[in-house]
Amino acid sequence: MLSTVLSSGCSDAAGLAGNLFAFVLFVSPIPTFRRIIRNQSTEQFSELPCIYALLNCLICLWYGMPFVTPGVILVATVNSIGAAFQLIYAIIFIIYADKSKKLRMSALLIAVFAFFGMVVFVSLRFLETHLRQMVVGYLSVFSLISMFASPLFIINLVIKTQSVEYMPFYLSLSTFLTSLSFSTYGVLKFDPFLYVSMFLQVPNGIGTILGIVQLALYYYYSSKYGEGSREPLLASYA
């Protein structure tokens with residue numbers, strides 16, 4: 001009984017920590033969008049990280065709903081906040097983008113919500129409870145991997161330029177802490193779609209490893225060459 005209570009308490013604490021760190025991760029692009037608003041242009045920033053993040057938040061929000069996966073409501077709460085932030089970022093991007101980017105971003109945004117609507121409809125209409133959790137769980141895995149893969153561009157850029165100019169420290173730290181917290185939450189909840197296995201086959205495990213790599217690179221290059229610019233690229237979050 002005591003071990004069960006302790007396990008429940010630890011899992012809730014890990015989930016709350018993940019929510020807190022994820023919130024920091026969601027607000028980290030704000031300086032980039034302040035720059036876009038100030039310059040009234042999206043310049044050369046890419047819209048894809050915002051799209052990937054929005055799709056991931058929507059899928060993970062659905063996965064965390066009680067009628068899909070009971071007992072992991074904290075996953076739903078943090079991703080509902082994340083989806084709201086990503087939608088705001090997408091709207092700002094559309095407002096200040098040139099005509100071609102505006103049309104492309106609008107089409108991608110419609111595609112994301114159409115796909116999400118299809119996932120909701122199919123999972124409720126055609127899938128039993130266990131199969132529903134499994135299918136949505138695998139979709140959340142793929143969407144998380146796509147979101148966590150975006151820092152690979154920044155890691156490559158940091159090594160190539162030997163500068164941490166485009167990799168803000170707090171973004172790297174919040175990526176690592178968010179992934180680690182939800183990995184722990186998944187382990188304690190015995191949820192295979194959240195926890196990091198010994199073979200690193202799940203997305204938060206990948207996110208944790210990428211976070212460690214980013215922090216190590218940040219420490220190495222900032223110590224050797226200095227931090228460089230204070231303005232983060234849009235492509236650096238996700």
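These legends describe several close-up views of one predicted model.

Residue numbers start at 1 in each chain and follow the sequence as written. In this predicted model, local features need pLDDT of at least 70, side-chain atom pairs count only at pLDDT 80 or more, totals for chains, interfaces and linings use all residues, and side-chain values use heavy atoms, with hydrogens and water left out.

View 1. Helices (H or I, at least four residues) and strands (E, at least two) are DSSP runs, numbered from the N terminus. Read from the N terminus, the order of elements is α-α-α-α-α-α-α-α-α. The chain has 238 residues, and 46% of them count as buried. Buried means under 20% relative accessible area, exposed means over 50%, and partly exposed lies in between (1.4 Å probe, protein chains only).

**View 2. Helix 4 packs with helix 5.** Two packed helices are described by the angle between their axes and the distance between the axes. Axes are lines fitted to C-alpha atoms, for helices over the stretch in contact, and angles run from 0 to 180 degrees between N-to-C directions. Helix 4 covers residues 73–96, and helix 5 covers residues 99–125. Their axes come within 8 Å and cross at roughly 155°. That makes the two helices roughly antiparallel. Angles under 35 degrees count as roughly parallel, over 145 as roughly antiparallel, 65 to 115 as roughly perpendicular, and the rest as oblique. Helix 4 passes helix 5 in a left-handed crossing. A crossing is left-handed if the near helix is turned anticlockwise from the far one by less than a right angle, and right-handed if clockwise.

**View 3. Helix 4 also packs with helix 3 and helix 2.** The axes of helix 3 and helix 4 are 8 Å apart, at an angle of about 150°. Helix 3 and helix 4 are therefore roughly antiparallel. Their crossing is left-handed. Helix 2 and helix 4 have axes 10 Å apart, at an angle of about 25°. Helix 2 and helix 4 are therefore roughly parallel. This crossing, too, is left-handed.

**View 4. Q40 sits in a loop.** The loop runs between helix 2 (30–39) and helix 3 (48–63). Q40 is not a glycine, yet has a positive phi of about 55°. Its relative accessibility is 60%, so Q40 counts as exposed.

**View 5. A nonpolar patch lies on the surface.** F115, M118, F121, V122 and F126 form the patch. Together they have about 490 Å² of accessible area. Accessible areas come from the Shrake-Rupley method with a 1.4 Å probe; for residues, only the protein chains shown count as cover. Patches are made of residues with over 30% relative accessible area and no salt bridge; like charges are joined within 9 Å, nonpolar side chains (Val, Leu, Ile, Met, Phe, Trp, Tyr) within 5 Å. A salt bridge is a side-chain nitrogen of Lys or Arg within 4 Å of a carboxyl oxygen of Asp or Glu. V122 belongs to helix 5. V122 is partly exposed, at 33% relative accessible area.

**View 6. T129 and V68 are 61 residues apart along the chain.** Their C-alpha atoms are separated by 6.7 Å. T129 lies in helix 6 (residues 129–149). With 48% relative accessibility, T129 counts as partly exposed.

**View 7. A13 and T184 are 171 residues apart along the chain.** Their C-alpha atoms are separated by 9.7 Å. A13 lies in helix 1 (residues 2–27). A13 is partly exposed, with a relative accessible area of 45%.
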